[in-house]
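Please read it alongside the sequence and the coordinates.

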Amino acid sequence: QVQLVESGGGLVQAGGSLRLSCAASGSIFRVNAMGWYRQAPGKQRELVATITSGGSTNYADSVKGRFTISRGNAKNTVYLQMNSLKPEDTAVYFCNAEGATFFQAFDSWGQGTQVTVSS
């Protein structure tokens with residue numbers, strides 16, 4: 001079993017910043033990629049940003065230039081620095097990790113953290 005724990009959500013005014021953190025734990029042999037997704041009320045979950053073990057990043061067009069995903073010094077951690085936040089960024093943000101345990105592949109999700117941006 002692989003567990004993901006997120007933190008850092010909250011309420012912020014438009015134009016403000018937040019930093020989300022996610023740590024993966026369990027019988028992890030290898031993490032191939034980690035990422036952040038979000039789901040706003042009444043909408044489908046969408047990709048925000050991903051980062052591979054090699055450091056390659058991918059961002060949704062809506063967050064390019066405002067959000068930065070990075071890997072932490074601690075193993076199997078990922079951060080999402082969110083600047084210039086807009087009300088449309090309001091959503092539950094979910095951390096995702098995919099890789100392999102010593103026994104099988106995994107594709108795990110965190111419980112989600114609420115981000116609310118007021119206008």
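A residue is called buried under 20% relative accessible area, exposed over 50% and partly exposed in between, with a 1.4 Å probe and only protein chains considered. By that criterion Asn76 is buried, because its relative accessible area is 12%. The model is predicted, so local features need pLDDT of at least 70 and side-chain atom pairs count only at pLDDT 80 or more, while totals for chains, interfaces and linings use all residues. Residues are numbered from 1 along each chain as its sequence is written, and side-chain values use heavy atoms, with hydrogens and water left out.

**Overall fold**

Helices (H or I, at least four residues) and strands (E, at least two) are DSSP runs numbered from the N terminus, and the chain has 0 helices and 11 strands. The radius of gyration, taken over C-alpha atoms and compared with a globule rule of 2.2 Å times the number of residues to the power 0.38, is 14 Å, close to the 14 Å that the rule gives for 119 residues, so the chain is as compact as a globular protein of that length. Along the principal axes, the C-alpha atoms fill a box of roughly 45 × 25 × 20 Å. Of the 119 residues, 45% count as buried. With contact meaning heavy atoms within 4.5 Å, residues 24 or more positions apart account for 55% of the contacts that have a separation of 6 or more.

Two strands are said to pair if DSSP finds at least two bridges between them. Strand β8 pairs with β3 (residues 18-26) in the antiparallel sense over 6 bridges, and within this pairing Ser21 has Tyr79 as its bridge partner. On β8 there is also an antiparallel pairing with β7, joined by 5 bridges, where Arg71 stands opposite Val78. Strand β8 is largely enclosed by the rest of the structure, because 5 of its 6 residues are buried.

Asn76 is found in the loop between β7 (67-71) and β8 (77-82). These strands form a hairpin with 5 residues between them, and Asn76 in the turn has a positive phi of about 65 degrees. Leaving aside neighbours within four places in sequence, Asn76 is in contact with Cys22, Ala23, Ala24, Ile28, Val31, Met34 and Arg71. Another positive phi, near 50 degrees, is found at Ser84, which is in the loop between β8 and β9 and counts as partly exposed at 40% relative accessibility.

**Strand β11**

In a regular strand the side chains alternate between the two faces of the sheet. Strand β11 (residues 113-118) has Thr113, Val115 and Val117 on a covered face and Gln114, Thr116 and Ser118 on an uncovered one. Strand β2 (residues 10-13) pairs with β11 in the parallel sense over 4 bridges, with Thr116 as the bridge partner of Leu11. Strands β9 and β11 run antiparallel and are joined by 3 bridges, and Val92 stands opposite Gln114.

**Salt bridges**

A salt bridge is a side-chain nitrogen of Lys or Arg within 4 Å of a carboxyl oxygen of Asp or Glu, and a search of the whole structure finds 4 of them. The table lists some of these pairs.

| Pair | N to O distance |
|---|---|
| Arg38 and Glu46 | 2.7 Å |
| Arg38 and Asp89 | 2.9 Å |
| Arg66 and Asp89 | 2.7 Å |

Salt bridges that share partners join Arg38, Glu46, Arg66 and Asp89 into one network. Arg38 lies in strand β4 (residues 28-39) and Asp89 in the loop between β8 and β9, so their pair ties together parts that are 51 residues apart in sequence.

**A nonpolar surface patch**

Patches consist of residues with over 30% relative accessible area and no salt bridge, like charges being joined within 9 Å and nonpolar side chains (Val, Leu, Ile, Met, Phe, Trp, Tyr) within 5 Å. Phe29, Phe102 and Phe103 make a nonpolar patch of about 440 Å². Phe103 is in the loop between β9 (91-101) and β10 (105-109) and counts as exposed at 76% relative accessibility.

Technical notes
Accessible areas come from the Shrake-Rupley method with a 1.4 Å probe; for residues, only the protein chains shown count as cover.
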